[in-house]
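Let's take a walk through a protein model together, one stop at a time. Have the sequence and the 3D view ready as you read.

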Amino acid sequence: MPGVEVIAEGVVKTYSGGTTALRGVDLEAPRGRITTLLGPSGCGKTTLLKVIAGLERPDRGRILFDGRDVTGLPPERRNVGFVFQDLALFPHLNVFENVAFGLRVRRLPDPEVRRRVRWALELVGLDPGEYGSRRVNQLSGGQQQRVALARALVVEPSVLLLDEPFAHLDYKIKQRLLLELKRIQRETGATVVYVTHDQNEAMSVSHRIAVMRDGLVVQVGDPVEVYERPANSFVASFFGEANILPGEGGFIVVRPESVRLLGPGEDGVDYRLAGVVDDVVFQGPLVYVYVRVNGSTVRAALPRGAPTPSVGDRVVVGWSRRDARVVAE
Amino acid sequence: MVEAGRRLARLYTYALIAALYAPIVVMAAYSFDDSKFFGVWGGFTARWYRLLAHDPQAWEALRNSVAVAVASALISTALALPAALSTRKVDRDLASLLTYPPVIMPEITEAVALMIMFLKLGFPLGVVSVVIGHTAFNVAYAYVALTPAGSSGARLAMAARTLGAGPLEAFLRVAVPVSMPGIVAALALTFMMSFTDFTKTLFTKGPGFVTLPILIWNRARRPGLSPYTSQPAIAALSTVLVAMSIAVAFTFTLYQARRQPGRGGA
């Protein structure tokens with residue numbers, strides 16, 4: 001089921017309370033790719049997802065599926081798959097009928113419904129024979145998640161929309177489901193738009209990331225691009241960790257792993273600053289060293305095993321020009 | 001010390017329950033009393049109930065009460081359902097704001113207001129005006145009873161829409177079944193409100209129309225003129241009203257208990 005290319009053009013949405021959720025958003029979600037909308041709560045990412053699904057009508061702007069304007073279409077005529085944050089499984093139906101719902105309303109014949117529900121359940125890793133007749137409230141959080149995914153996928157949607165689907169799951173299950181989502185996307189070729197506020201999720205799942213803030217998309221790119229060349233200090237600090245220091249022409253952004261601790265006489269950096277170690281924090285593969293420099297704090301992430309200073313030590317930190325990025329705001 | 005306090009608390013609870021039900025128990029016992037004199041136990045009899053069984057006016061009152069309550073329960077629940085299923089928060093807030101005042105309004109005020117309205121409009125008083133009067137206020141109760149289940153029904157209906165269901169299909173296949181506990185609660189509540197209502201009925205019924213509470217009132221205010229208006233007979237009639245109310249409440253509780261998760265509900 002090859003998905004469609006989804007384009008949002010100048011989408012504006014103001015809620016009746018007067019809050020402006022979207023202030024002219026442009027977005028392009030390429031066909032057969034996972035595009036993530038990443039941003040803090042209230043940035044408008046869920047509203048944009050609902051506008052794409054037809055659950056919210058934009059005040060201005062257009063939504064295009066493969067060039068076709070769907071802005072005026074109700075959700076049931078857009079052929080989307082939507083996984084809600086709270087899943088919205090139907091409590092009065094068993095697992096099989098939850099997944100079958102979209103096929104039943106499309107009036108597909110029974111054998112076809114059974115075949116496709118089996119396909120969808122197997123795709124998300126649930127044994128149809130074992131789980132089909134279960135009630136949804138008898139399932140674990142992770143299993144409910146899979147049912148919601150199967151229910152959205154079974155209709156072979158033009159675009160699969162996911163609204164923080166794994167937010168309430170614990171870390172390990174979340175990691176596993178993220179990997180499975182990528183596998184499912186590869187196998188089906190679906191276009192996916194994935195909403196999250198979690199940078200780690202965004203990094204592990206996305207082909208393309210749109211960072212949102214205050215109802216606008218502030219930067220779009222693939223994860224490496226956005227990580228290495230953040231458009232501004234907001235993106236730098238929201239996507240990955242960053243040292244943001246005042247400098248000429250705005251701010252200097254340096255990732256902690258690019259900061260080096262220099263021994264006496266050591267060179268090979270373009271910038272160097274002297275400071276005092278404030279704290280040393282062990283975090284598995286990395287050790288974070290917090291160094292106070294002229295009133296601001298610079299974080300250096302050192303690989304475990306590298307020589308580590310102690311709190312109170314006077315040290316020199318430095319980085320090379322190509323690892324630093326100057327942003328205007 | 002703690003144990004004594006706990007025992008006292010339990011004793012208090014029993015006393016409270018006893019105080020709540022004592023008048024009804026005394027009334028029910030009195031309806032089986034084979035004595036013409038109040039306060040003297042003359043032995044057990046079912047003759048007051050036999051008398052009622054052959055009392056055409058009692059049957060008519062019962063029929064009217066059930067008809068009015070069923071009609072009002074169905075209409076008010078049907079009217080409240082779309083409001084309770086509204087997905088827009090503004091609509092919900094407005095509906096909540098408008099439905100709470102009728103719930104706390106003194107019933108005599110409602111009754112007088114209804115009567116004035118019907119008279120001003122020249123609307124004939126009778127069974128229809130009684131049903132309208134009950135329904136006008138039952139809508140508020142139905143809405144309050146429907147809101148919790150209705151909000152999840154509305155949410156899930158939106159999920160159904162994304163899966164390809166049109167508005168009507170999403171309503172019938174998802175919103176209504178999901179809201180069923182709320183619908184049953186609203187039906188039970190409004191039926192009871194209407195079935196036991198006296199004040200609004202009295203002011204809107206017009207001449208000749210009787211319900212059970214009205215019949216009890218008619219007979220209680222001129223006691224002793226005929227066997228039907230004797231005190232044990234009135235007690236029997238009142239006991240029938242209470243028993244039916246308890247039966248409805250009990251059925252509803254049973255329905256709710258069966259829906260509890262882990263109890264093997266449907």
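This is a predicted model: local features need pLDDT of at least 70, side-chain atom pairs count only at pLDDT 80 or more; totals for chains, interfaces and linings use all residues.

Start by finding the two helices in chain B: α7 covers residues 167-178, and α8 covers residues 180-195.

From α7(B) come Val176(B), Pro177(B) and Val178(B), and they meet Met180(B), Pro181(B) and Ile183(B) of α8(B). Sorted by class, this contact has six nonpolar residues, with no polar and no charged ones.

Nonpolar residues also lead us to our next stop, the cores. In soluble globular proteins, nonpolar side chains tend to be buried together. In this model, the largest nonpolar core has 56 residues. Those with the most contacts inside this core are Leu48(A), Phe65(A), Phe90(A), Phe101(A) and Leu161(A). The element that gives the most to the core is helix α6 of chain B (residues 127-162), with seven residues. There is also a second, separate core, which has 38 residues, including Ala152(A) and Leu177(A).

Which residues does Leu48(A) contact, leaving aside neighbours within four places in sequence? They are Ala8(A), Leu22(A), Val25(A), Leu27(A), Leu37(A) and Met212(A).

Next, step back to see chain A as a whole. The chain is divided into domain 1, residues 6-228, and domain 2, residues 245-327. The centres of these two domains of chain A, taken over C-alpha atoms, are 40 Å apart.

Our last stop is a pair of glutamates in chain A. Most residues other than glycine have a negative phi. Glu156(A), however, has a positive phi, near 50°, and for Glu164(A) the value is also positive, near 40°. Glu156(A) sits in the loop between α5 and β7 of chain A, while Glu164(A) lies in the loop between β7 and α6 of that chain. Are they buried or exposed? Glu156(A) is partly exposed, with a relative accessible area of 37%, whereas Glu164(A), at 7%, is buried.

Conventions: Residues are numbered from 1 along each chain as its sequence is written. Chains are lettered from A and ligands numbered from 1 in the order in which they are written. Side-chain values use heavy atoms; hydrogens and water are left out. Domain bounds come from an automatic or database domain assignment. Axes are lines fitted to C-alpha atoms, for helices over the stretch in contact, and angles run from 0 to 180 degrees between N-to-C directions. Helices (H or I, at least four residues) and strands (E, at least two) are DSSP runs, numbered from the N terminus. Contact means heavy atoms within 4.5 Å. Ala, Val, Leu, Ile, Met, Phe, Trp, Tyr, Cys and Pro count as nonpolar, Asp, Glu, Lys and Arg as charged, and the others, Gly among them, as polar. A nonpolar core is a set of buried Ala, Val, Leu, Ile, Met, Phe, Trp, Tyr and Cys residues joined through side-chain atoms within 4.5 Å. Buried means under 20% relative accessible area, exposed over 50%, partly exposed in between (1.4 Å probe, protein chains only).
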